[in-house]
Amino acid sequence: MAYQAEYIWIDGTEPTAKIRSKTKIIHKDAPATVADLPIWGFDGSSTNQATGDKSDCVLKPVFMCPDPIRGGDNVLVMCEVFLVNDTPHPTNTRAALREVADKYAAQEPMFGIEQEYTFFKGGRPYGFPETGFPAPQGGYYCGVGADEIFGRDVVEAHTEACLEAGLEISGINAEVMVGQWEYQIGPLGPLDASDQIWVSRWLLYRIAEEFDVMVTLDAKPVKGDWNGAGAHTNFSTKAMREDGGWDKIIAGCEALGKKADLHIANYGHDIESRLTGAHETQRYDQFSYGVSDRGASIRIPWQCEIDRKGYLEDRRPNANCDPYVVTRLMVDTICGELA
Ligand code: ADP
Ligand code: MN
Ligand code: MN
Ligand code: MN
């Protein structure tokens, strides 16, 4: 028997990396685990990852799930990129996350990531008229009706695909701007949450192809009085989730405050356009945290204040962030402080 394995990796495009994939047809029985999948390679000179004279890059499978598009025994395979000398490629941000996740595994960090994104069609956000603007923001968030909702058929197909792939998708909603949506992945450990965000993004682009709609993770797709797109990153450690966790949550917020600049610099391209202090954001050059505060850098959900335990929400990461980088920084900063 043969099956098709879609090998997915992250390229070297600046300032925001792109997802690439190609299909390997494997003339064997279906793989039981990711360890059964062979190493593969690609032309790094076509992905900003190598020069033409030394073009070979290596793909090492790290995460596998059923392929909901092809069905059958076919699989999607998330890969890390390596150099031919078997060291991680400079663009391989997962390698550094592996080390930090390993170092602080005893604290059992968990992530729930809210991935926002915007549909485009005909060179403008899906739902924008050919000229001018649609009605101002206000009714679109969690809206219903053909005057407010654009692209729900794509969203439903994507949700179904994530479920069939076995991803830990935990919700979806229409967002504040026309044609803007969100889904959430998690809670999961740092590597799983990040791998699943990347695979779910690949599925989103791939499924939108079928509907002839384009997806962008741009942080501020429309300037002016329109919400940007983020990737709020919810975080907890075992100690935060247990009785007495409140003090740990506050300690986590304080730790994030001490390294605010480092985090902002690594939370995605064009973050200054999105974190303006308006549109449910704190300014990129200011740091604050608070219960229920959607104008803060870090929000603590109200239920956590009542329970005196739970998690915190880092509202700063952009939709176009690299979850391998964001989760690594959060684990390093917070678990390093709590250790
Ligand atoms: P919001 O009110 O900010 O829109 P969402 O419901 O979209 O919140 O997202 C909340 C996210 O927080 C979900 O992905 C959920 O899985 C995650 N989450 C819940 N509990 C925890 C926890 N203890 N640690 C980390 N993430 C969590
Ligand atoms: Mn949300
Ligand atoms: Mn949202
Ligand atoms: Mn949120």
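Trainee: Where is Asp212 found?

Mentor: Asp212 is found in the loop between helix H3 (190–210) and strand S10 (214–216). Helices (H or I, at least four residues) and strands (E, at least two) are DSSP runs, numbered from the N terminus. This is a predicted model: local features need pLDDT of at least 70, side-chain atom pairs count only at pLDDT 80 or more, and totals for chains, interfaces and linings use all residues. Residues are numbered from 1 along each chain as its sequence is written, chains are lettered from A and ligands numbered from 1 in written order, and side-chain values use heavy atoms, with hydrogens and water left out.

Trainee: What is the phi of Asp212 near?

Mentor: Phi of Asp212 is near 60 degrees. That is a positive value in a residue other than glycine.

Trainee: Which residues does a cis peptide bond join?

Mentor: One such bond joins Glu14 and Pro15, with omega about 0 degrees. Pro15 is in the loop between strand S1 (3–10) and strand S2 (19–26). Another cis bond joins Gly186 and Pro187, again with omega about 0 degrees. Pro187 lies in strand S9.

Trainee: Which residues are the protein donors of the manganese ion (ligand 3)?

Mentor: Glu116 (OE), Glu175 (OE) and Glu182 (OE) lie 2.1 to 2.2 Å from ligand 3. Their spacing along the chain is E-x58-E-x6-E. Glu182 bridges the manganese ions of ligand 3 and ligand 2, which lie 3.9 Å apart.

Trainee: Why does the pair His232 and Glu313 tie together parts 81 residues apart in sequence?

Mentor: Because of where they sit: His232 lies in the loop between S10 and S11, and Glu313 in strand S14 (residues 312–314).

Trainee: How many residues surround ligand 1?

Mentor: A residue is near a molecule if one of its heavy atoms lies within 4 Å of it. Here 16 residues surround ligand 1. The closest are Glu114, Glu182, Pro187, Ser236 and Glu313. Of the shell, 4 residues are nonpolar, 6 polar (Gly among them) and 6 charged (Asp, Glu, Lys and Arg). S9 supplies the largest share of the shell, 4 residues.

Trainee: Which polar atoms lie 3.1 Å, 3.4 Å and 3.5 Å from atoms of ligand 1?

Mentor: A polar contact with a ligand is a pair of N or O atoms within 3.5 Å. A polar side-chain atom of Gln184 lies 3.1 Å from a ligand 1 oxygen. A backbone N or O atom of Gly112 is 3.5 Å from a ligand 1 nitrogen. A polar backbone atom of Gly186 is 3.4 Å from a ligand 1 oxygen. On its own, ligand 1 has 590 Å² of accessible area (Shrake-Rupley, 1.4 Å probe), and the protein covers 76% of that. Strand S6 (110–121), strand S9 (180–188) and strand S11 (233–236) are the elements that give two or more residues to the shell.

Notes
Polar contact = N/O pair within 3.5 Å; in protein donor to acceptor, adjacent residues only side chain to side chain. Donors = N, O, S within 2.8 Å, 3.2 Å for Na, K, Ca; no water.
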